[in-house]
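Dear colleague,

Please find below the structure that I am handing over to you.

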Amino acid sequence: RGGWLLPLPQQVVLRNLLNLRDRWARHHDVPRRWLCSDDALLNLARRCPMTLAQVQREGEIAGRWLDSFGRE
C-alpha cells in the first residue's frame, strides 16, 4: 500500500525487503506481520538507512529477524 508512489530505486528496495521477510516467515513458519508490518518496510524503503543501528533505533522490526537478516 503506497509502494507504487516511491521512486523506482526505493520500490526495488521495498520489493527486496518484502521478499526477504516472506522467505524468513515461511522458513520459520511464522506470520509475516510478526516480523514487521508492511508499513514498517515501506518506511525503511523510504528512508534507506545505511546502518543496522539506524534500523534498530526505529524499533519497527522484530529483533529475531534483525539478528538473522539485519545486515542484508
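**Packing of α1 and α3**

In this predicted model, helix α1, formed by residues 8-28, packs against helix α3, formed by residues 38-47, at an angle of about 140°, and their axes are 8 Å apart. Because of that angle, α1 is oblique to α3; the cut-off for roughly antiparallel is over 145 degrees. The crossing in which α1 passes α3 is right-handed.

On the side of α1, the residues that make the contact are Q10, V13, L14, L17, L18 and R21. On the side of α3, they are D38, L41, L42, L44, A45 and R46. Sorted by class, the residues in the contact of α1 with α3 comprise 8 nonpolar, 1 polar and 3 charged.

**The protein as a whole**

The two helices described above belong to a protein with 5 helices and 0 strands. Along the sequence, the order of elements reads α-α-α-α-α.

As to burial, 33% of the 72 residues in the protein are buried. The accessible surface of the protein amounts to about 5100 Å², and carbon and sulfur atoms account for 52% of that surface.

Finally, a word on contacts along the chain. Among contacts in the protein with a separation of 6 or more, 55% are between residues 24 or more positions apart.

With kind regards

Definitions and conventions:
Residues numbered from 1 in each chain as written. Predicted model: local features only at pLDDT ≥ 70, side-chain atom pairs only at ≥ 80, totals over all residues. Heavy atoms only, no water. Helix = DSSP H or I, 4+ residues; strand = E, 2+ residues; numbered from the N terminus. Buried < 20%, exposed > 50% of the residue type's maximum accessible area, 1.4 Å probe, protein only. Contact = heavy atoms within 4.5 Å. Areas by Shrake-Rupley, 256 points an atom, 1.4 Å probe, with all protein chains shown as cover. Axes fitted to C-alpha atoms, helices over the stretch in contact; angles between N-to-C directions. Parallel < 35°, antiparallel > 145°, perpendicular 65-115°, else oblique. Left-handed = near helix turned anticlockwise from the far one by under 90°. Nonpolar A, V, L, I, M, F, W, Y, C, P; charged D, E, K, R; others polar.
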